[in-house]
Amino acid sequence: MKASIITVCFNSSKTIFDCIDSVNNQTYVSLEHIFIDANSEDETPNIIKKYSKRDLRFVSESDNGIYDAMNKGINIANGDIVAILNSDDIYACDDIILSVVNKFKQTKCDILYGNINYRSKKGDIVRTWNSSLFQKGSFSKGWHPPHPSLFVKKSVYDSCGLFDTNLKIAADFEFMLRAFEKNDFRISYLNESIVSMLVGGKSNTLQGIISGHKEIKLAF
């Protein structure tokens, strides 16, 4: 079972090395690291080409936003399962993709999610998002899994569709809502921290929260 890790980036030279290093250090061997770069003007492309060791695939071109870039990565992915790892995020431990693949094999699931850590710029864990088992109807009660922890079979995207690029902040939520609630895919929960996510980001600003809530309403 091959895993495709997609990293979307733009002028990410301050954080991209740690992201690359966390993928390079994974004990699971069968994986590719796909970088979709939006014509970075800093050292991001050079860092990627110099340090990425895991079946590197690199695309650098203009795009129509982060979700358009993610869709490009999914479309060219060769893996059986696909994950999105943001350029300022890292995997929580070196064995996590091995644990994910083993869970896929044990449960024969189509979609897997877990927990995530939030870390400060100093590297300290400041909060953990512990998820829980999914039940139909959970999204309407305010539950949803942390998208950075999501691993999805490529066949799910083929049948369910990709990210809606009309949404600028909550397209990941809309995809999960569609995949979890409108379909009958086999879904599994791995009760481990999968990703360590840097605090901050566009969706966590006041304007981002307001816009995100509007898009979530639209998604429903």
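Biologist: Which residues touch the most other members of the largest nonpolar core?

Modeller: This is a predicted model. Its largest nonpolar core holds 34 residues. Those that touch the most other members are I6, I111, F139, L150, F163, F175 and F180.

Biologist: Which element gives the largest share of this core?

Modeller: Elements that give two or more residues include β1 (3-9), α3 (66-76), β6 (111-119) and α6 (171-181). The largest share is seven residues, and that share comes from α6.

Biologist: What is F139 in contact with, leaving aside its neighbours within four places in sequence?

Modeller: F139 is one of the core residues that touch the most other members. Its contacts, leaving aside neighbours within four places in sequence, are F134, H144, P145, F173, M176, L177, F180, E181 and F220.

Biologist: How many residues are in the second, separate core?

Modeller: Among its members are V23, I97, V101 and Y118. The second core has 24 residues.

Biologist: Is S52 buried or exposed?

Modeller: S52 is in the loop between α2 (44-51) and β3 (56-60). Beyond four places in sequence, S52 touches I20, N24, H33, F35 and I47. Its relative accessible area is 9%. Buried means under 20%, so S52 is buried.

Biologist: Where is S30, and how far in space is S30 from I97, C-alpha to C-alpha?

Modeller: S30 is in the loop between α1 (16-24) and β2 (31-37). S30 is partly exposed, at 31% relative accessible area. Not counting residues up to four places away, S30 touches M1, K2 and A3. S30 and I97 are 67 residues apart in sequence, and their C-alpha to C-alpha distance is 9.9 Å.

Key: Residues are numbered from 1 along each chain as its sequence is written. This is a predicted model: local features need pLDDT of at least 70, side-chain atom pairs count only at pLDDT 80 or more; totals for chains, interfaces and linings use all residues. Side-chain values use heavy atoms; hydrogens and water are left out. Helices (H or I, at least four residues) and strands (E, at least two) are DSSP runs, numbered from the N terminus. Buried means under 20% relative accessible area, exposed over 50%, partly exposed in between (1.4 Å probe, protein chains only). Contact means heavy atoms within 4.5 Å. A nonpolar core is a set of buried Ala, Val, Leu, Ile, Met, Phe, Trp, Tyr and Cys residues joined through side-chain atoms within 4.5 Å.
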